[in-house]
Amino acid sequence: MTEKKWPETWQEVNPGCMVFRPGSASEYHTGSWRAKRPIWENEKCIKCGVCYIYCPEGCVTENTDGFFEANLDYCKGCGICAHECWPAAIKMVNEED
Amino acid sequence: MGKRVGMEVAIASAEAAALCRFDVAAVYPITPQSHVAEHLSDIVNDGRVDASFITVESEHSALSAAIGSEATGARTVTATSSQGLLYMSEILPIASAMRLPIVMIIANRAVSGPINIWNDHSDIMPMRDTGWISFFADNGQEVVDMTIQAFKVGEDRRVMLPVNVNMDGFQLTHMVEPIIMPDQEEVDRFLPAYIPFATLHPDKVVSMGTLGMPEIYAEAQKSKDVAIVNSIKVVKEVWKEWEAQFGRKYEPVQSYRTEDADVALVTMGSMGETAEIAVDELRKQGVKAGLLKIKLWRPFPFDDLKKAVKGIRVLAVTDRAISFGGPGGPVFSEIRSALYDVPKRPKIVNYIIGLGGRDVQVENFMDMVRRAAKGKLSEPYEIYGVRG
Amino acid sequence: MNTATKNPKSIIENFDLYAPKLVSKEEFFVGGHRACQGCGESLAIRLMCKALGKDTVITNATGCMEVISSLYPTTAWKLPWIHVAFPNSAAVGSGVEAGLRALRSKGKIADRRIKSVAIGGDGGTMDIGFQALSGAMERCHDMLYVCFDNEAYMNTGIQRSSGTPFLASTTTAPAGKKIPGNQVWKKNLPEIMVAHNVAYVATATPSYPIDFMNKVKKARSVKGPSYIHCFVSCPTGWRSTSETCIKLGRLALETGLFPLYEVEDGKYRLTVEIPEKRRPIQDYLKGQGRFRHLTPDQIQVIQERIDIEWETLMIKVKNSKSKEELRAQRTR
């Protein structure tokens, strides 16, 4: 979890509170919210990309082998990818394990 | 050199906006502003200005659409009155917080209830805390001049704030007055094209209107406060430039015969012209009367006021609105507060005049001055002429 | 447990299975946003932005999506984005459209089509934002409006909206001892938009992501107003589990509760076929705590209503003609 960085002084607050850093929300790691994490069993994976498309965080990405994995900095452990996986290749396991 | 015409002031204000080459107008009609809306749409539909006129479905949407278009970098104008201003009031502080220099022409009209379409200032007074720069015009010429000045002041990179130009509904909007309309070429020289600080465009991605947590909200408000307080410098600069180019002088507080005044009236808006005549009449009768006309309401001209009241014994502040359950009229209470720390300050009395379009005549102003000479009225504030 | 084992036939029938690999990898709505786990709306936004591409300006009403994505000094958006207030997303969007149009025609910005897209929840679209939506659509701005309907005012605490379905329990129309939840039927906003003569109206849900993205692309290309009503699940407000987010949208379609269709120039067309024998509504309701209090009789009432609304829609699908067709018929 990254710490929030607030502007030190009022002079540093942009006019209109405009944010000129698109996508800067990625500084905040929502992965700390997780109670479960997804584990891919690549032997079962059919590389359809359904887990990639259904992730609300957009944190599931395709690696160089064409298999998928979640970026654990952002994965909230919602379980949608595991639930939607056609060949049941994704398992949700507890964070503590 | 400008052209001297006789023109209905509402129409003239739209003409002034046209001279400023606005890009978008988003206006909803309301009496007595309707002629402003109508004439702006005439100007657009005749192709006299290359612009879009959005026939919005409410005032709230008018200011909302104005924000949307100003945020893309389009010079935007809107106009309203009374209930319309109140309806869009949720958006006013957002426009100033977002630092968008929208210009709004307000035809001041009484606020309901009871419903009343005639002139007073009860619509603009509740908006004084919203962070908009506010000009008050005394006559048609000032309406035209201030509309053009408003774009220049608001768009200045040191300001970046919305500006409203206040003209009395019916008393000004529906009067045909002699006005020197500046030439397009003169206005182009005075008012350059708008170069926005930031715009909504994919080539430079920005998020506007973000969420301000408690950790930064105060800092954001401080930033806005500093901007509006410092804007008085820019207002005076622009007014100096205007005087140099067009020959007409503007000051935040304009004094009339106050060099040796004993009692001075204070007015805002078109009543000032009637008050001037009253001062002249009183002077003829040997009464040392004077008049202060406030042209810049926000940011409040503290220094100019303190200078203007030096030597005056009594101020008779006229208000065109009441702060119910409060210390009387808004102008009165702000002037009193502004002068509180000044060791030698005038006594101040408050007349609330001309509510809901009630006429105030020269004799009334003369009476106000005579009774104010005592330095105190029988009540903290007096609704002048109320029957019963 | 997943849907694959429940519907083995669909694996073969579902042509969309491998389509995710063809979708653009560029993300315009990034992780790090503060939406709940399993938020259907944030997924829908992510997909919508992919379909829109970078030449877009988003106007966002106050609501969950605005709050979770734009915490100063950060933003989850990689598209130009503006938020003003709750009721005015369509009005601000119409101003953005007019501003861009004026600037482009005067040569003050590049001669490139930048689409104004206004978004809001069911509150900011169907209730407090209704006036602004109606005005913007009626004025025919070149603007897309997408309503993300999760059937209550979720951001402020799950209060009832005009999108709340019959008998659903919300915090301002709760399932109490005397009155069992929302007492009226859901407002049909797509129909209202068709009545506004909006050239392209569609219903969508992120559970059918390719269908949704195709509709967004189509709407983007329309030169005039277009409207998409996107049904999204909210695990927090619906008291459902985060992982069933997508399944619920699918069940909404398969029961006929939320058919996916589009209306182009007045012609109705289903975009995702549903089997003749629709699934019973009980299958959809049972996964959601907001319907937990329903009796079998009440479920029957809902089933009947869905059947009737389905038939009404089917009549339109079978018989509606586009204005183009009607014009062509007249000249013959």
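In helix H11 of chain C, the buried residues are C:Cys245, C:Ile246, C:Lys247, C:Leu248, C:Gly249, C:Arg250, C:Leu251, C:Ala252 and C:Leu253. That makes nine of the 10 residues in this helix, which spans 245-254. Buried here means that 20 or more other C-beta atoms lie within 10 Å of the residue's own; 12 or fewer means exposed, values in between mean partly exposed, and C-beta atoms are placed from the backbone. Helices (H or I, at least four residues) and strands (E, at least two) are DSSP runs, numbered from the N terminus. Just after H11(C), C:Gly256 has a positive phi of about 85°.

Please keep in mind that this is a predicted model: local features need pLDDT of at least 70, side-chain atom pairs count only at pLDDT 80 or more, and totals for chains, interfaces and linings use all residues. Residues are numbered from 1 along each chain as its sequence is written, while chains are lettered from A and ligands numbered from 1 in the order in which they are written.

**Chain B overall**
- Chain B holds 12 helices and 16 strands.
- Its radius of gyration of 21 Å agrees with the value near 21 Å for a compact globule of 388 residues (taken over C-alpha atoms; the rule is 2.2 Å times the number of residues to the power 0.38).
- Along the principal axes, the C-alpha atoms of chain B fill a box of roughly 65 × 55 × 45 Å.
- Of the 388 residues of chain B, 56% count as buried.
- Among contacts in chain B between residues at least 6 apart in sequence, 81% join residues at least 24 apart; two residues are in contact if their C-beta atoms, placed from the backbone, lie within 7 Å.

**The seven-stranded sheet of chain B**
- An open sheet with mixed pairing runs in the order S3-S2-S4-S5-S7-S6-S13 (chain B), where two strands pair if DSSP finds at least two bridges between them.
- S3 and S13 (296-298) of chain B are the edge strands, each pairing on one side only.
- From one strand to the next, the twist averages 20°.
- Helix H2 (34-45) of chain B packs on this sheet, touching S2, S3, S4 and S5 of chain B, and its direction makes about 145° with that of S3(B). Axes are lines fitted to C-alpha atoms, for helices over the stretch in contact, and angles run from 0 to 180 degrees between N-to-C directions.
- S5(B), residues 103-108, and S7(B) run parallel and are joined by six bridges; B:Val103 has B:Val163 as its bridge partner in S7(B).

**The two domains of chain B**
- Domain 1 covers 3-246 and domain 2 covers 253-383, with bounds from an automatic or database domain assignment.
- Their centres, taken over C-alpha atoms, are 27 Å apart.
- The contact takes 27 residues from domain 1 of chain B and 20 residues from domain 2 of chain B.
- H8(B) gives the most to the domain 1 side, with five residues.

**Where chain B meets chain C**
- 39 residues of chain B are in contact with 42 residues of chain C.
- On the chain B side, H3(B) gives the most, with nine residues.
- By class, that side has 20 nonpolar, 15 polar and four charged residues. Ala, Val, Leu, Ile, Met, Phe, Trp, Tyr, Cys and Pro count as nonpolar, Asp, Glu, Lys and Arg as charged, and the others, Gly among them, as polar.
- S9(B) and S2(C), residues 81-83, run parallel and are joined by two bridges; B:Met208 has C:Ile82 as its bridge partner in S2(C).
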